[in-house]
Amino acid sequence: MFFYIPTKVFSEKECVFAHRRELASLGTHALIVTGRSSSRKNGSLSDTEKALGECSVGFTVFDGVEENPSVETVMKARDIGISSGADFVIGIGGGSPLDAAKAIAVMMKESLAQRELLFDSSASPAHLPVAAIPTTCGTGSEVTGISVLTRHDLRTKMSMTHKVFPDLALCDGKYILTAPQRLIAATAVDALSHLIESYINSTATDYSRMIADAGLGKWRECRGYLNGSIPLDYEGAVSLMTASTIGGMAIAHTGTTIPHGLSYTLTYEGGVPHGAAVGAFQKGYVQNACKGDREHILSLTGFADTDELGSFIAEISPVNVSAELLEKAADAVMKNTRKLASCPYEVNREVMSSIIGGVVCSG
Ligand code: NAP
Ligand code: ZN
């Protein structure tokens, strides 16, 4: 067994400013990679600019990262980063800017390489240092080496072959306090999915399960914030973000499995947000697991049975997808031997039908 998280993580109030020296130590000029507008509204961008300014570190802002970032966006940001003379990358936002930042850090360092390098498993490229400042509570990308990119050429999403763990993660719950309820819910469902898929995974170890257990317990504390029965406050925001970061630590060890594989078709073809897409398959995934794993997940999350788990997810993060799209997603994963191997139980077409049969559609 092996346990290693190479990212230095700080989780505290005003942590971007408090840890400005660690941030500034990563280089002399930062390429800040972010989405179109949310980091301006929630204060994470201005906090970062202030922190860098205090330390006399220059920066260039690339604010063109779309949801489910594409390889084309990575290449565009790489050119801007290189021409600005940046020598480190700061991702600010949800999983999309954080994932993009990792791929951009590779392509900036390998400045002459073509886009194919991102998916070339025979290569071991270097990368610039990366810092990650999350503003959603779902992906845990701030502590994973994973960068999920949209491949328009293949009409799907795919992880970059190379692992890029951020050097520094600065997590402050205040950035999600102003987020819409539906975004908080969908991203929290993503965090839950990471914890479940890491626990019920063929590569799970005692160490990774220890992490998943801690995250599932933390997630359970947050249920009231997600269905609106408890108003979200700073303490709740911190708990949600912590559950998400722990989920990232869990999948950093095991990766995700069948539900994430299925989600990519729903997102690419059906425009379903990532968290909602992965959440839709959790009921079926847990239902088909062995009795011990199923009961463990239900007891830690506080659900009586998988129906209650599925209903809770469907209530806070609804999806409405056609049977055809679900079949298409299932067909794609049945051909993905790596995803199938990451599931600890055998998934034949019948079991796959049962997993997609667990999807609770709204409307
Ligand atoms: P996201 O795609 O990063 O962002 C979704 C939307 O939320 C964007 O419109 C963004 O606006 C907005 N937003 C972000 N923070 C906000 C805030 N605090 N308040 C208000 N709006 C805010 O969402 P995500 O679910 O966090 O990330 C999903 C991506 O991460 C997917 O591509 C998924 O495949 C990937 N992922 C990665 C990992 C990993 O380990 N690396 C794990 C799971 C998922 P702006 O565009 O204006 O910023
Ligand atoms: Zn996910």
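Is phenylalanine 303 buried or exposed? At 4% relative accessibility, phenylalanine 303 counts as buried, where buried means under 20% relative accessible area, exposed over 50% and partly exposed in between, with a 1.4 Å probe and protein chains only.

Some housekeeping. This is a predicted model, where local features need pLDDT of at least 70 and side-chain atom pairs count only at pLDDT 80 or more, while totals for chains, interfaces and linings use all residues. Residues are numbered from 1 along each chain as its sequence is written, chains are lettered from A and ligands numbered from 1 in the order in which they are written, and side-chain values use heavy atoms, without hydrogens and water.

Now the rings. The structure holds 4 aromatic pairs; rings of Phe, Tyr and Trp (its six-membered ring) pair if their centres lie within 6.5 Å, and planes under 30 degrees apart count as stacked, over 60 as edge-to-face and the rest as tilted. Tryptophan 219 and phenylalanine 303 have ring centres 6.5 Å apart and planes at 50°, so this pair is tilted. Tryptophan 219 is also buried, at 1% relative accessibility. Ring pairs link Trp219, Phe303 and Phe312 into a cluster.

Another tilted pair is tyrosine 285 with tyrosine 345, at 5.6 Å centre to centre and 35° between the planes. Tyrosine 285 is buried at 0% relative accessible area, and tyrosine 345 counts as buried at 13%.

Last, charges over rings (NZ of Lys or CZ of Arg within 6 Å of the ring centre and within 35 degrees of the ring normal). Lysine 13 lies over the face of tyrosine 234, 4.4 Å from the ring centre. The charged end of arginine 20 is over the ring of phenylalanine 17, at 4.2 Å from its centre.
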